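I went through this model with charged side chains in mind.

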Amino acid sequence: MIFDRFRRKVGDSATEPQERESAETDDASNNAGDSESEHVEVIDETPWGERAAAVIPGGSSTGSKRPSVIYGDDEMVEPLPTHYSRARGASLFLVDGDTEIEVIDCTMALGSVALSYADEHVLRAVVQAAALGNVGGMPSTIEVSLAERLCDFIPCAEKVRFLKSGAEAVSAAVRIARTYTSRAHVVHSGYFGWHDWWSAIDVAGVPDRVREDATHVPFDDIAALDRAVRDVRNDLAAIVIEPVVERMPSEAWIARARQLATDTGAILVFDEIKTGFRLRPGGYQELAGVEPDLATFGKAMANGFALSAVVGRADVMDAASRTWISSTLAGETTGLAAAHAVLDWHEKEDVCASLATIGAQMKAAVERAIVASGLEGITVSGLDQMWRLTFEDPSIESRFIRHAVEHGALFKRGAYNFAALAHEDLIPEIEAAASASLVAIKESPPR
């Protein structure tokens, strides 16, 4: 299994891979012709989840991939796999002891993959970029060419800056807005990652004074938006909106945000991290016909490779040159090459329309399973491209996720399931896994 050669028991000497390879080579040379001399490597049989918990706080560097978030935090009688060894198409191959369990992934890496895992066209572009040298002491030409293409794809984009994650991109957009307006306060609605400027009131490690310059308003609440803007009108730097939260916003909500930003001289920012290259290549703004001053993109833009972007009006984006936004690997070429390959896909076919069709089929399949089971308190909702399973009873939800993995599918607990092109021929299998999970819930006591 991949990376098994680096596995070791806790307390074993941590021989570096290079040193180990050298030792193995020397040993082989010294024992040439000795058929009885074989190197036997000790493999640690401790479950990956347990090993991860010992060395990674929370067990995962991504909060939404912690075992307790995937499966629920109540104790499991029989632990389920927590890590994968490889991914291809719409499948994850989960590590379970010395075997792999293939499951259809309906989460698609939190929506960052809209084509397929290891898509051949994307992978070929990435490998070529890596072979040519993925970083250098000057920016690569590929950074320029991708920025030019994004300006053609995204309605509001006149200039572009690249980063690596969605949280970075939105934080950069906020800094650009504050620099452009010479103001501090941000009114926001949505989820924008882990950085201090936005973090919720109960997040530890964020000074209260940082939160004083940000006001949250509920999604699609015009009255709350009006009040928040009125309270800080002369110090309003930006209105930052995640335009789709479980459902489409009302036209009035988006129009009001656009008008308030214009009237106050503030910057309207759309977080299109989830919606870009999924609802439309240019995101919600392309669908709605309302242009923000700045927007952020990521996730499906590079089909799972690390890349995000801040795009927007040229005069606003130029404020980035009057502040400091920089990352050593912002222009690293493998992510840029992946995005180029994704744009190629969108140029040759209507990927977003296909995602809508496939997502609708996924939703319908799960709904059929729910109806057939006779279980109540379970609903399927949301946009076809990014849909949700909602359970009135959290314990039933956890049991459903666990049983579904046992029957060959991974669904997202508490958030979005994302359609990918790779799901197209897997609808019957998704329905079968959902159905088997629901039957298991009915037939087995809570665990």
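**Charged side chains**

I took a salt bridge as a side-chain nitrogen of Lys or Arg within 4 Å of a carboxyl oxygen of Asp or Glu. The model is predicted, so local features need pLDDT of at least 70 and side-chain atom pairs pLDDT 80 or more, while totals for chains, interfaces and linings use all residues. Numbering starts from 1 along each chain as its sequence is written, and side-chain values use heavy atoms, without hydrogens and water.

I counted 15 salt bridges in the structure.

I then looked up lysine 159, which pairs with aspartate 318 at 2.8 Å between the closest N and O atoms. Lysine 159 sits in strand β4 (residues 159–163) and aspartate 318 in the loop between α12 (314–317) and α13, 159 residues apart. Helices (H or I, at least four residues) and strands (E, at least two) are DSSP runs, numbered from the N terminus. Lysine 159 counts as partly exposed because its relative accessibility is 37%; the cut-offs are under 20% for buried, over 50% for exposed, and partly exposed in between (1.4 Å probe, protein chains only). Aspartate 318, at 32%, is also partly exposed.

Next I checked lysine 164, which forms a salt bridge with glutamate 332, the closest N and O atoms being 3.1 Å apart. Both lysine 164 and glutamate 332 are buried.

I noted glutamate 242 and lysine 274 as buried.
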